[in-house]
Amino acid sequence: MPNLSTHILDTSRGKPAPEVPVTLYRQTGESGWTKIGTGITDSDGRFREFFSGGQVGLQVGVYKLHFEVAGYFRNRSVDTLYPFIEVVFTVANEKQHYHIPLLLNPYGYSTYRGS
């Protein structure tokens, strides 16, 4: 069962960040990463369809979300310090839902575990 979602809010505009490519990776070994799924945030800045076909949701382990934000800012004629942002997180209980929001602006960002 899919148990991951994300939401990007552009705090400089006070609005969601649509059309941002997001990719989920799972850590394999000490420094390797395996791509799990990818997509683009919707008009409300949300994405939750990381798992397709017969894929199960998150399992116990370490994951990262890779947000490609350069194009989002470029399309709005805004300079940014960050071409991409990666948020690494640990899944300790695969039965729980993990919501990983990203609060974004051109020169800073914050994240937390949402609900």
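Mentor: We may, bearing in mind that this is a predicted model. We begin with Arg-113, whose charged end sits over the ring of Tyr-98.

Trainee: How do you know that the charged end of Arg-113 sits over the ring of Tyr-98?

Mentor: The charged end of Arg-113 is 3.9 Å from the centre of that ring. The distance cut-off is 6 Å, and the charge must also be within 35 degrees of the ring normal. Lys-64 likewise lies over the face of Tyr-25, at 5.3 Å from the ring centre.

Trainee: Why is the pair of Tyr-82 and Tyr-109 called edge-to-face?

Mentor: Ring centres must lie within 6.5 Å to pair, and planes over 60 degrees apart count as edge-to-face. The centres of Tyr-82 and Tyr-109 are 5.2 Å apart and their planes stand at 85°, so the pair is edge-to-face. This pair links distant parts of the chain, with Tyr-82 in the loop between H1 and E7 and Tyr-109 in strand E9, 27 residues apart.

Trainee: Why does Tyr-82 count as partly exposed?

Mentor: Partly exposed lies between the 20% limit for buried and the 50% limit for exposed. Tyr-82 has 22% relative accessibility, so the residue counts as partly exposed. Tyr-109, at 38%, also counts as partly exposed.

Trainee: What makes Tyr-72 and Phe-73 an edge-to-face pair?

Mentor: Their planes meet at 70° and their ring centres are 5.2 Å apart, so this pair is edge-to-face. Both residues are buried. A search of the whole structure finds four aromatic pairs.

Trainee: Why is Ser-5 called buried?

Mentor: Buried requires under 20% relative accessible area. Ser-5 has 7%, and is therefore buried. Ser-5 lies in strand E1, and its contacts beyond its sequence neighbours within four places include Phe-47, Arg-48 and Tyr-98.

Trainee: What makes the approach of Ser-5 to His-99 a polar contact?

Mentor: The two side chains come to 2.6 Å in that polar contact, and the limit for a pair of N or O atoms is 3.5 Å.

Trainee: Which residues touch the most other members of the largest nonpolar core?

Mentor: Among its 24 residues, they are Leu-4, Leu-24, Leu-58, Leu-65, Phe-67 and Phe-89. The elements that each supply at least two residues of this core include strand E1, strand E3, helix H1 and strand E8. Leu-24 touches, among others, Leu-4, Leu-58, Leu-65 and Phe-89, leaving out residues up to four places away in sequence.

Note on methods: Residues numbered from 1 in each chain as written. Predicted model: local features only at pLDDT ≥ 70, side-chain atom pairs only at ≥ 80, totals over all residues. Heavy atoms only, no water. Core = buried A, V, L, I, M, F, W, Y, C linked by side-chain atoms within 4.5 Å. Buried < 20%, exposed > 50% of the residue type's maximum accessible area, 1.4 Å probe, protein only. Helix = DSSP H or I, 4+ residues; strand = E, 2+ residues; numbered from the N terminus. Contact = heavy atoms within 4.5 Å. Polar contact = N/O pair within 3.5 Å; in protein donor to acceptor, adjacent residues only side chain to side chain. Phe/Tyr/Trp six-rings, centres within 6.5 Å; stacked < 30°, edge-to-face > 60°.
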